[in-house]
Structure formats: C-alpha cells, structure tokens
Amino acid sequence: MAQTIAPVVSAAPRPDPAVAELLRTVVDTARAIFGAQASSIMLLDAAADELIFEAVSGQGQEFLVGRRFPAGRGIAGWVAASGEPMVVDDLHDSTSFDRDIAESTGYVPNALMAAPLIRGDRVLGVLEVLDPSPQARSGLPELDLLGLFARQAAVALHVLTTHEPRPAPNAPDTTPDDPSRTELRRLLSEARRLLGE
C-alpha cells in the first residue's frame with residue numbers, strides 16, 4: 001500500500017520567520033542557478049523518522065510546505081541516511097526513486113539532484129533540485145555547487161537556531177566571532193568563487 005505525504009497538523013508551531021526566509025532564499029537561488037522546475041529543502045525530524053518540506057520553490061510551493069514523508073524512502077531518504085549527494089538523470093530507471101511519494105506531491109520529475117544538509121556529524125535535511133537543465137547536472141562541478149549550497153544552508157540554519165540574537169544596532173557588540181559565523185563567511189566566499197564573481 002502506498003504511503004502518501006501527510007498534511008501538517010494545524011497546531012504545529014510556526015517556523016521562525018528568519019529561518020523560513022533563509023530556507024526560501026536557498027531554494028529560490030538553487031532553482032535559478034540550476035534552471036530547475038522546482039527546488040526544496042526537507043528537514044529531518046529524527047524523533048518521528050520523517051522528512052518535512054520546509055521550503056519549496058516552483059512546482060508545489062503553494063501546498064507542500066509542512067508536509068511529511070518517511071525518512072527511509074526515496075532518493076531524499078537515501079541522501080539523508082547516507083550523507084552523500086546524488087544526481088539521477090533518468091528517474092524512470094532509478095530503483096531508489098519512490099514514484100508513490102512523488103505522485104502524492106502532485107509533481108513527478110524526470111531528473112533530480114540532491115545534497116544533504118550536514119552540520120558536524122548530523123544530517124539536518126536534504127536540498128533537492130527537480131528537473132534541472134541538462135547542462136546544470138552535467139558534471140561534478142555542478143554537484144559540488146549544490147553541495148556547497150546545502151552546506152551554507154546547514155551552517156546558516158545552525159547559526160539562526162542555536163545562537164542568541166545579535167545586540168541592537170546602537171548597543172556595543174561584545175560577542176566574540178564564533179566558529180559558525182566564520183564558517184558561514186568562508187562558505188559564502190567559496191560560493192562567490194564557484195559562481196565566478
């Protein structure tokens with residue numbers, strides 16, 4: 001029996017607006033750079049063993065955010081479990097692809113790229129790009145770029161969810177520069193280099 005993506009319970013806490021904005025920016029940028037029909041970030045709910053759509057750009061953006069599916073299924077599940085990125089040029093022949101889950105979202109892609117959001121030794125979720133242009137999935141540099149985006153999202157997500165807010169603009173900043181912020185700056189610099197800026 002096929003398991004469909006369950007709707008989110010209405011009593012669920014609303015996400016932090018800064019986190020939602022960050023994730024939305026990542027999926028919008030990934031979709032544009034890879035010329036994709038859609039892009040999404042799914043975060044891992046380890047307690048429930050589920051992946052949750054937290055940000056979607058393109059196909060499904062109107063209704064997928066907040067929906068869940070089992071973390072052990074499909075390519076996103078494999079990427080979350082293995083911590084390794086994946087490119088599949090033809091999903092019709094892929095044994096890892098879970099067509100039932102894709103059909104339940106209302107969009108069945110022909111190709112996809114996926115990379116884990118990793119912080120330390122923990123997988124926080126998965127960044128997917130659905131139906132990227134053929135040139136955008138043509139080699140290792142493109143997969144590296146997707147992996148870089150996923151790492152940026154993971155570091156920024158960690159910074160936003162685990163650190164105290166910065167002081168007000170007029171207040172003196174006595175907070176030392178922590179390693180997460182240094183890593184985020186390094187990743188941004190690496191992104192600029194890969195993008196040729």
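Two residues are said to be in contact when heavy atoms of theirs lie within 4.5 Å. With this term, the surroundings of any residue can be described. Leaving aside its neighbours within four places in sequence, Leu23 is in contact with Ile41, Leu43, Glu54, Ala55 and Leu157.

The structure is a predicted model, in which local features need a pLDDT of at least 70, side-chain atom pairs count only at pLDDT 80 or more, and totals for chains, interfaces and linings use all residues. Residues are numbered from 1 along each chain as its sequence is written, and side-chain values use heavy atoms, with hydrogens and water left out. The pLDDT is the predictor's confidence in each residue, on a scale from 0 to 100. Its mean over the chain is 78, and 73% of the residues reach 70 or more. Over residues 1-14 the pLDDT is below 50, and this stretch has 18 contacts in the model beyond near neighbours in sequence.

The strands come next. Helices (H or I, at least four residues) and strands (E, at least two) are DSSP runs, numbered from the N terminus. Two strands pair if DSSP finds at least two bridges between them.

How many bridges join β1 to β6? These antiparallel strands are joined by 6 bridges, and Met42 stands opposite Val126 in β6. Strands β5 and β6 pair in the antiparallel sense over 8 bridges; Ala114 stands opposite Glu128 in β6, and Leu112 has Leu130 as its bridge partner there. The hairpin of β5 and β6 has 2 residues between the strands, and Gly120 takes a positive phi near 65° in it.

A residue is buried under 20% relative accessible area, exposed over 50%, and partly exposed in between (1.4 Å probe, protein chains only). In β6, 8 of the 9 residues are buried, so this strand is largely enclosed by the rest of the structure. Strand β5 is mostly covered, with 6 of its 8 residues buried. Ser40, which lies in strand β1, is buried with a relative accessible area of 3%. Leaving aside its neighbours within four places in sequence, Ser40 is in contact with Val27, Phe53, Ala55, Val56, Val126, Leu127 and Glu128.

A nonpolar core is a set of buried Ala, Val, Leu, Ile, Met, Phe, Trp, Tyr and Cys residues joined through side-chain atoms within 4.5 Å. In the largest one, of 27 residues, Leu23, Ile41, Leu117 and Leu127 touch the most other members. Elements α1 (17-33), β1 (38-45), β5 (112-119), β6 (122-130) and α4 (140-162) give two or more residues to this core, and the largest share, 10 residues, comes from α4. A second, separate core of 24 residues includes Leu51, Tyr107, Leu112 and Ala114.

Finally, rings of Phe, Tyr and Trp (its six-membered ring) pair if their centres lie within 6.5 Å; planes under 30 degrees apart count as stacked, over 60 as edge-to-face and the rest as tilted. This rule gives 1 aromatic pair. The ring centres of Phe53 and Phe69 are 6.0 Å apart and the planes stand at 50°, so the pair is tilted. Because Phe53 lies in strand β2 (residues 50-58) and Phe69 in strand β3 (residues 68-70), the pair ties together parts that are 16 residues apart in sequence. Both Phe53 and Phe69 are buried.
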